[in-house]
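Hi,

Here is the structure I promised you. Have a look at it first, and then read on for what turned up.

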Amino acid sequence: MIISWNTTKACNLKCEHCYRDAGGKDHNELNTAEGKELLSEIAKAGFKIVILSGGEPLLRNDIFELISHAASVGLRPVLGTNGVLLT
């Protein structure tokens, strides 16, 4: 089973085709501890793959910590990124 989590509304692009109203970070976004709790619950629910999307998930300062936690609870984390921040 697969699930997608839009980790942030923040995005470094303004694509016309985007289904999200992305741009700036939303004040209601989960913090790191809340994100880890969500990922643990996703794993407990039986999901195997989690897509960490956004906006742009690489704009989260804690994205690598969330990726690590997802893997530690048995999930296969996948980034749904626009790729602009990859080097």
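Let me start with leucine 59: leaving out residues up to four places away in sequence, leucine 59 touches Ala10, Cys11, Asn12 and Leu85. Touching, or contact, here means heavy atoms within 4.5 Å. Leucine 59 and cysteine 11 are 48 residues apart along the chain, yet their C-alpha atoms are separated by 7.2 Å. Leucine 59 lies in the loop between strand E2 (49-53) and H2. Helices (H or I, at least four residues) and strands (E, at least two) are DSSP runs, numbered from the N terminus. With a relative accessible area of 36%, leucine 59 counts as partly exposed; buried would be under 20%, exposed over 50%, and partly exposed is in between (1.4 Å probe, protein chains only).

Before going further, a word on the basis: this is a predicted model, where local features need pLDDT of at least 70 and side-chain atom pairs count only at pLDDT 80 or more, while totals for chains, interfaces and linings use all residues. Residues are numbered from 1 along each chain as its sequence is written, and side-chain values use heavy atoms, with hydrogens and water left out.

Threonine 7 lies in the loop between strand E1 (2-6) and helix H1 (32-44), and glutamate 29 lies in the loop between E1 and H1. Threonine 7 is buried because its relative accessibility is 2%. Glutamate 29 is buried too, at 17%.

What does threonine 7 contact, leaving aside its neighbours within four places in sequence? The list is Glu29, Leu52, Ser53, Gly54, Pro57, Arg60 and Ile63. For Ser53 there is a distance as well: a polar atom of the threonine 7 side chain lies 2.8 Å from the backbone oxygen of serine 53.

Glutamate 29, with neighbours within four places in sequence set aside, is in contact with Thr7, Thr8, Lys9, Ala10 and Glu34. Its side chain makes a polar contact with the side chain of threonine 8 (3.0 Å). A polar contact is a pair of N or O atoms within 3.5 Å; within protein, one must be able to donate a hydrogen and the other to accept it, and residues adjacent in sequence count only if both atoms are side-chain atoms. A polar atom of the glutamate 29 side chain also lies 2.6 Å from the backbone nitrogen of lysine 9.

Now the helices. H1 and helix H2 (residues 63-72) pack at about 25 degrees, with their axes 9 Å apart. Axes are lines fitted to C-alpha atoms, for helices over the stretch in contact, and angles run from 0 to 180 degrees between N-to-C directions. H1 and H2 are therefore roughly parallel, a label for angles under 35 degrees. On the H1 side, Thr32, Gly35, Lys36, Leu39 and Ser40 meet Glu65, Leu66, His69 and Ala70 of H2. These residues divide into three nonpolar, four polar and two charged (Ala, Val, Leu, Ile, Met, Phe, Trp, Tyr, Cys and Pro count as nonpolar, Asp, Glu, Lys and Arg as charged, and the others, Gly among them, as polar).

Last, serine 4 lies in strand E1 and is partly exposed at 45%. Not counting residues up to four places away in sequence, serine 4 touches Ile51 and Ser53.

Cheers

Methods:
Parallel < 35°, antiparallel > 145°, perpendicular 65-115°, else oblique.
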